[in-house]
Amino acid sequence: MFGGISLKTLTEKIFARALKRDTVKANDIVNVPVDRLLINDFVGAIVFRHFESLGAEAVVNPDNILLGIDHRIPPAEIKFADSLKFCRDKCRQYHIERFAEIGRHGIGHQLMVEDFVLPGEVALGTDSHSTMYGGIGAFATGITSSDAAIIMATGEIWLQVPASIRVNVRGQLNKGVTAKDLSLKVLTLAPLHTFIYKAIELGGEGIEALSISGRLAAANMLAETGAKNIIMAADEKTAAFIGKPSGELRMDRPDADAQYETTYEVDASELPPLLSYPHTPENVKPIGEGAEGLPIHQAFIGSCANGRIEDLEQALEILRGRKVHKDVRLIVVPASQKVMLEATRRGLVEELLVAGAAIMTPSCASCAGSGPGLIGAGERCISTTNRNFKGRMGNTESEVFLGSAYAVAAAAVCGYITDPRQFL
């Protein structure tokens, strides 16, 4: 409190509004109304079974629910096809209209931000990377299948208000350095246990300079800190992305003297291209510190972290007029049908194909090790995805490096990991 007025962080402002209170504080335990809910295909059937075990007669606010299918699309296994059939039938039964059918689908997180979640909302999903919606100013976090069932039955969820950690980003990223690199830098600011169940609030001129695609990438990637949520203030860029006048949106900013548990400073202008080295996302080093020259077998551009138009354009800054190395396979997976359509209209798909890329239908693909594009024993992949645990993208005897679309494209052309700035 300051002068009788509660000074709030972004996360606290969203909780206070949702609860219709003047103030909330870190560690308060509350039942908060949920504005948007993503149920993904991996747990969809489990969620419906949990819901029915509660004895609820109807789903509360079915229009606020999206069932996204993205992990194994189109299904190549009878078991998964049966699971999707079950989810389709349950969506019809409970009047959930937003079932992202094949042909109108995409990665669930991307669909949530494309035309569903709004700034200032409480938006949750049955996947840890639901933190991504914080890139457009929502409170967003991952939940369990049983949590989702409770939300379907009651419209609310029990939560503890997280304490906030502020990351001020000053300066702007140089050419060839992206929001992915910035995210990887943040992963190194403190031991990861520092961030568990905290709200990471990113701000400063470096964040304001990012595109919405870049902000989404950061909010997604920073789920790897173990934070409860990642959030950035909505602004005119956010409004343009959503397609609504800013006056119609909740454009919250943190109070000037809001209280944070800790504050970190990052100078974006000093960052080089970074990589996450095997086998943990926080194992971050510059490309030249052990990775330069390492041969690769697969290059992957896609995922909820980096499968948007900006990523495809960055890759083509390097691939245009060049070919994928003969010993490398480049797999490109747009994050949604909307992204795929825009890429087709702009001619990006054709350029990628000419360069030697394989284009796949929007999906998670091999990101979680459950879809097409897996790597074999002894193979090395450089990827724009968000996790590189042992066996994450295939055989446990493989390696995955995480980096920007620039870094992936440069490696795809050379056949080995290299600093992408030489091509830019």
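Colleague: How many cavities of 30 Å³ or more does a search of the whole structure find?
Modeller: Two. A cavity here is a set of points on a 1 Å grid over the protein atoms alone where a 1.4 Å probe fits but cannot get out. This is a predicted model, in which local features need pLDDT of at least 70 and side-chain atom pairs count only at pLDDT 80 or more, while totals for chains, interfaces and linings use all residues. Residues are numbered from 1 along each chain as its sequence is written, and side-chain values use heavy atoms, with hydrogens and water left out.

Colleague: What volume has the second largest cavity?
Modeller: About 30 Å³, taken as the space filled by probe spheres set on the points.

Colleague: And which residues line the second largest cavity?
Modeller: Leu10, Ile14, Pro119, Gly137, Ala233, Ala234, Arg250 and Asp252, where lining residues have an atom within 4 Å of a point.

Colleague: How much space lies in the largest cavity?
Modeller: About 60 Å³. Its lining includes Val34, Asp35, Asn61 and Met152.

Colleague: Changing topic, where does Pro273 lie?
Modeller: Pro273 is in the loop between β11 (262-267) and β12 (274-276); strands are DSSP runs of E with at least two residues, numbered from the N terminus.

Colleague: Is Pro273 buried or exposed?
Modeller: Pro273 counts as buried because its relative accessibility is 3%, and buried means under 20% relative accessible area with a 1.4 Å probe, protein chains only.

Terms used
1 Å grid on protein atoms, 1.4 Å probe; cavity = no way out; pocket = protein on both sides within 12 Å on 5 of 7 lines; lining within 4 Å. Helix = DSSP H or I, 4+ residues; strand = E, 2+ residues; numbered from the N terminus. Buried < 20%, exposed > 50% of the residue type's maximum accessible area, 1.4 Å probe, protein only.
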